[in-house]
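Trainee: Could you take one part of this model and give me a close look at it, please? I would like the terms spelled out with their cut-offs as you go.

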Amino acid sequence: MAGYYGGRADWCVMRLIEVFSVVPPLLAAMLLGALTNGGFATIVLIAALFGWVQVCLLVRTQVKAIAQKEFVRSAHALCATPGYIIVRYLIRNAISPIIVGFVLAILLAMMLEASLSFLGIGVPPPIPSWGQMINVGMNLIYFYGRLAVFPTAALAITVLATTLFGDGLRDALDPTMKGR
């Protein structure tokens, strides 16, 4: 809505984005994790608080760019309602970058969880976490190197696979790629 209508809505959304962009997510997560003794709920809260910022900027930019195209102007000329234009033209043409943005937000949440668990303020120890496994492996790296290498490799492979999945989804859903 901020990208399509502009004005005060756009100004308010951009100021909110600026507030969340100033604070580094890992630093806020460490502070909140230390205050609340970590846990799954803390990680979900931090990922939700800071994961939407990049996706929101991406969506706003895509909507502003698409709203200036000729097919949207012709829909305005044919007296189409703003809701119809948003659903029919803007969302359909902006969906592929939005999907990639959500996939990147998921990757950042995975890395945030692994980082916090590595530092000891993530999920509690009975719940398995790659960050905890890497931390334990780092303590024993001289004797049992595989304890640090395998969880690190698993995390890296998962991040790579998720990135490739998001890229493939973008290619499959991109309307400009149809017919190629």
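Mentor: Gladly! The crossing of α7 and α8 is left-handed, a term used if the near helix is turned anticlockwise from the far one by less than a right angle, with right-handed for clockwise. Helices here are DSSP runs (H or I, at least four residues; strands are E, at least two), numbered from the N terminus. This is a predicted model, in which local features need pLDDT of at least 70 and side-chain atom pairs count only at pLDDT 80 or more, while totals for chains, interfaces and linings use all residues. Residues are numbered from 1 along each chain as its sequence is written, and side-chain values use heavy atoms, leaving out hydrogens and water.

Helix α7 spans residues 130-139 and helix α8 residues 146-173; they pack at about 150°, with their axes 7 Å apart. Those axes are lines fitted to C-alpha atoms, for helices over the stretch in contact, and angles run from 0 to 180 degrees between N-to-C directions. The two helices are therefore roughly antiparallel (over 145 degrees; under 35 is roughly parallel, 65 to 115 roughly perpendicular, the rest oblique).

Which residues make the contact? From α7 come W130, M133, I134, G137 and M138, and from α8 come L147, A148, P151, T152, A154, L155 and T158, where contact means heavy atoms within 4.5 Å. Nine of these residues are nonpolar, three are polar and none is charged. Ala, Val, Leu, Ile, Met, Phe, Trp, Tyr, Cys and Pro count as nonpolar, Asp, Glu, Lys and Arg as charged, and the others, Gly among them, as polar.

Elsewhere, a search of the whole structure finds four aromatic pairs. Rings of Phe, Tyr and Trp (its six-membered ring) pair if their centres lie within 6.5 Å; planes under 30 degrees apart are stacked, over 60 edge-to-face, the rest tilted. F20 and F50 have ring centres 5.8 Å apart and planes at 75°, so their pair is edge-to-face. Because F20 sits in helix α2 (residues 7-22) and F50 in helix α4, this pair ties together parts 30 residues apart in sequence. F50 counts as buried at 15% relative accessibility (buried is under 20% relative accessible area, exposed over 50%, partly exposed in between, with a 1.4 Å probe and protein chains only). Ring pairs also link F20, F50 and W52 into a cluster.
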